[in-house]
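Here is a short note for a colleague coming to this model for the first time. Please keep the structure open while reading the points.

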Amino acid sequence: MDVCKGERRLFDEMQMGSLVARNRFVRAATYEGAADAAGRITPEIMRIYRELARGGVGTIVDAIEVSGTTFGKVKIAGPGGQHGLYASYAAKLAGRVGIPVILTGGNRLCAEMQELLDTTGITGFGLARPLASEPDLIARWERDASYEPRCVSCSRCFPAAGTNCVLDR
């Protein structure tokens, strides 16, 4: 079942200023722990970004990103999990500003993101933890929009030695 059918689609290009991204998925900001002592890009960061690009992420940039902190307060993944945690605020903001608004926080299901894309002015969707767990998640969704990410939002994907997933250990 292709749940991603609408006038604006999750896998359509997204324009942000002069940048055209290949889809509406944005790698949300995360701590990689891979920069050099001066904060410069290293080969490890380039490896991470190449892996994310091969996995289907549309872009890795900053925009007006609506997000927040829920650490230890909200169950996101699994049955009964809360998704699109800041969707109502992002939708209101998108209706008032003339620039793209990216929603981050609990984006886990294509059908829910497509519904927000169809019914609000939200431009794209930021993902962090699910991409630490599955860098190829976007490509998986493109093949099967009903696929449910394996991320359980345990918040154990931010060790001092870089971003990775405990499910890979």
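1. Start with helix H3. Its buried residues are covered by a set of elements that includes E3, H2, strand E5 (101-104), strand E6 (124-127) and H5. The model is a predicted one.

2. Which residues of H3 are buried? In this helix, which spans residues 110-119, they are Cys110, Met113, Gln114, Leu116 and Leu117. Seen down the axis of H3, these buried residues fall within an arc of 160°, so they line one face of the helix. An α-helix has 3.6 residues a turn, so residues three or four places apart point the same way.

3. Helix H2 is one of the elements that cover the buried residues of H3. H2 runs over residues 87-94 and has buried residues of its own: Ala87, Ala90, Leu93 and Ala94. They cover an arc of only 130° around the axis, which puts them on the same side of H2. The other side of H2 looks outward in its accessibility: Ser88, Tyr89 and Lys92 are exposed there.

4. Now the overall layout. The protein chain has five helices and six strands. Along the sequence they follow the pattern β-β-β-α-β-α-β-α-β-α-α. The chain has 169 residues, and 43% of them count as buried. Take the contacts between residues at least 6 apart in sequence: 58% of them join residues at least 24 apart.

5. The aromatic rings deserve a look. How many aromatic pairs does the structure hold? There are two. Phe11 and Phe25 form a tilted pair, with 5.5 Å centre to centre and 45° between the planes. Phe11 lies in the segment before strand E1 (14-16) and Phe25 in strand E3, so this pair ties together parts that are 14 residues apart in sequence. Both Phe11 and Phe25 are buried.

6. Phe25 also pairs with Trp141. Their ring centres are 5.4 Å apart and their planes are at 35°, so this pair is tilted too. Trp141 sits in helix H5 (residues 137-143) and Phe25 in strand E3, so the pair ties together parts that are 116 residues apart in sequence. Phe25 counts as buried, at 1% relative accessibility. Trp141 counts as buried, also at 1%. Through these ring pairs, Phe11, Phe25 and Trp141 are linked into a cluster. E3 and H5, which hold Phe25 and Trp141, are among the elements that cover the buried residues of H3.

7. Next, the loop between strand E3 (25-27) and helix H1 (43-54), where Thr42 lies. Is Thr42 buried or exposed? Thr42 is buried, with a relative accessible area of 14%, because the cut-off for buried is under 20%. Not counting residues up to four places away in sequence, Thr42 touches Ala34, Ala35 and Asp36.

8. Ala35 lies in the loop between E3 and H1. Ala35 counts as partly exposed, at 40% relative accessibility. Leaving aside neighbours within four places in sequence, Ala35 is in contact with Arg40, Thr42 and Ile45. Ile45 is 10 residues from Ala35 in sequence, and their C-alpha atoms are 6.9 Å apart in space.

9. Asp136 is placed in the loop between helix H4 (129-133) and H5. At 28% relative accessibility, Asp136 counts as partly exposed. How far apart are the C-alpha atoms of Asp136 and Gly55? They are separated by 3.5 Å, although the two residues are 81 residues apart along the chain.

10. A search of the whole structure finds one cavity of 30 Å³ or more. The largest cavity holds about 80 Å³ of space. Its lining comes to 13 residues, and those nearest its centre are Cys151, Ser153, Cys154, Cys157 and Cys165. By class, the lining has eight nonpolar, three polar and two charged residues.

Methods. Residues numbered from 1 in each chain as written. Predicted model: local features only at pLDDT ≥ 70, side-chain atom pairs only at ≥ 80, totals over all residues. Heavy atoms only, no water. Buried < 20%, exposed > 50% of the residue type's maximum accessible area, 1.4 Å probe, protein only. Helix = DSSP H or I, 4+ residues; strand = E, 2+ residues; numbered from the N terminus. Arc of directions from axis to C-beta. Contact = heavy atoms within 4.5 Å. 1 Å grid on protein atoms, 1.4 Å probe; cavity = no way out; pocket = protein on both sides within 12 Å on 5 of 7 lines; lining within 4 Å. Points joined across faces, edges and corners; volume = space filled by probe spheres on them. Nonpolar A, V, L, I, M, F, W, Y, C, P; charged D, E, K, R; others polar. Phe/Tyr/Trp six-rings, centres within 6.5 Å; stacked < 30°, edge-to-face > 60°.
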